Amino acid sequence: MWTLRATALGELRLLPGQYWTLTLSELGELLRGEAQRERRCWEMAAWQTALLINVSGKSVKRAVHPDDLLGLTHERRQALDERWRADQEAERLRQLKAGEN
């Protein structure tokens, strides 16, 4: 059974003391950051694989794009990019309100 604590201690590799001092908002930010890091890793792997496939030129009739390997349509990629930009803008606004630079 999945629990928030198991995710924090497992995937986020937090110590129990660190977990118990976090607010739900902070824990949510950590989880979003981890998901974003994992997404970037998959995108980097897709770029590398697409480059290797395209350089070989033997196995494909048209150039392979990383989105093809990730199973993303053009519309889905745009939606993900818009969501990412909105998250970045919201985070920057939160930082400005808190007086962080």
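The largest nonpolar core consists of five residues, namely Ala8, Leu12, Leu14, Tyr19 and Leu27, where a nonpolar core is a set of buried Ala, Val, Leu, Ile, Met, Phe, Trp, Tyr and Cys residues joined through side-chain atoms within 4.5 Å. Buried here stands for a relative accessible area under 20%, exposed for one over 50%, and partly exposed for anything in between, as found with a 1.4 Å probe and protein chains only. The structure is a predicted model, in which local features need pLDDT of at least 70 and side-chain atom pairs count only at pLDDT 80 or more, while totals for chains, interfaces and linings use all residues. Residues are numbered from 1 along each chain as its sequence is written, and side-chain values use heavy atoms, with hydrogens and water left out.

Seen as a whole, the protein has five helices and zero strands, and its elements run α-α-α-α-α from the N terminus on; helices (H or I, at least four residues) and strands (E, at least two) are DSSP runs, numbered from the N terminus. The radius of gyration of the protein is 19 Å, whereas a compact globule of 101 residues would have one near 13 Å; this radius is taken over C-alpha atoms, and the globule rule is 2.2 Å times the number of residues to the power 0.38. Along the principal axes, the C-alpha atoms fill a box of roughly 55 × 35 × 25 Å. Of the 101 residues, 17% count as buried.

Helix H3, which covers residues 24-56, has 33 residues and reaches 48 Å from its first C-alpha to its last. That reach is close to the 48 Å expected at 1.5 Å a residue, the expected span being 1.5 Å times one less than the number of residues in the helix. The buried residues of H3 are Leu27, Gly28, Glu34, Glu43, Ala46 and Ala50, and what covers them includes helix H1 (4-10), helix H2 (16-21), helix H4 (66-70) and helix H5 (74-98). After H3 comes glycine 57, whose phi is positive, near 65 degrees.

Leaving aside neighbours within four places in sequence, leucine 12 is in contact (heavy atoms within 4.5 Å) with Thr7, Leu27, Leu30, Leu31 and Glu34. In the loop between H1 and H2 lies arginine 13, which has a positive phi of about 55 degrees although it is not a glycine. Arginine 13 counts as exposed because its relative accessibility is 59%.

Tyrosine 19, another member of the core, takes us to the aromatic rings. A search of the whole structure finds one aromatic pair, and this pair is formed by tyrosine 19 and tryptophan 20, edge-to-face, with 4.8 Å centre to centre and 70 degrees between the planes. Rings of Phe, Tyr and Trp (its six-membered ring) pair if their centres lie within 6.5 Å, and planes under 30 degrees apart count as stacked, over 60 as edge-to-face and the rest as tilted. Tyrosine 19 is buried, with a relative accessible area of 13%, whereas tryptophan 20 is exposed, with 60%.

The structure also holds three salt bridges, each of them a side-chain nitrogen of Lys or Arg within 4 Å of a carboxyl oxygen of Asp or Glu. One of them joins arginine 37 and glutamate 34 at 2.8 Å, N to O; both residues lie in helix H3, three residues apart, about one turn of the helix. Glutamate 34 counts as buried at 15% relative accessibility, while arginine 37 is partly exposed at 35%. Another salt bridge links glutamate 43 and arginine 39 at 3.1 Å, N to O, and because these two are four residues apart in helix H3, about one helical turn separates them. Arginine 39 is partly exposed, with a relative accessible area of 27%. Aspartate 68 and arginine 62 also meet in a salt bridge, at 3.5 Å, N to O; aspartate 68 is partly exposed at 37%, and arginine 62 is exposed at 57%.

Apart from neighbours within four places in sequence, glutamate 43 is in contact with Leu70 and Arg77. The C-alpha atoms of glutamate 43 and proline 66 are separated by 7.1 Å, although the two are 23 residues apart along the chain.
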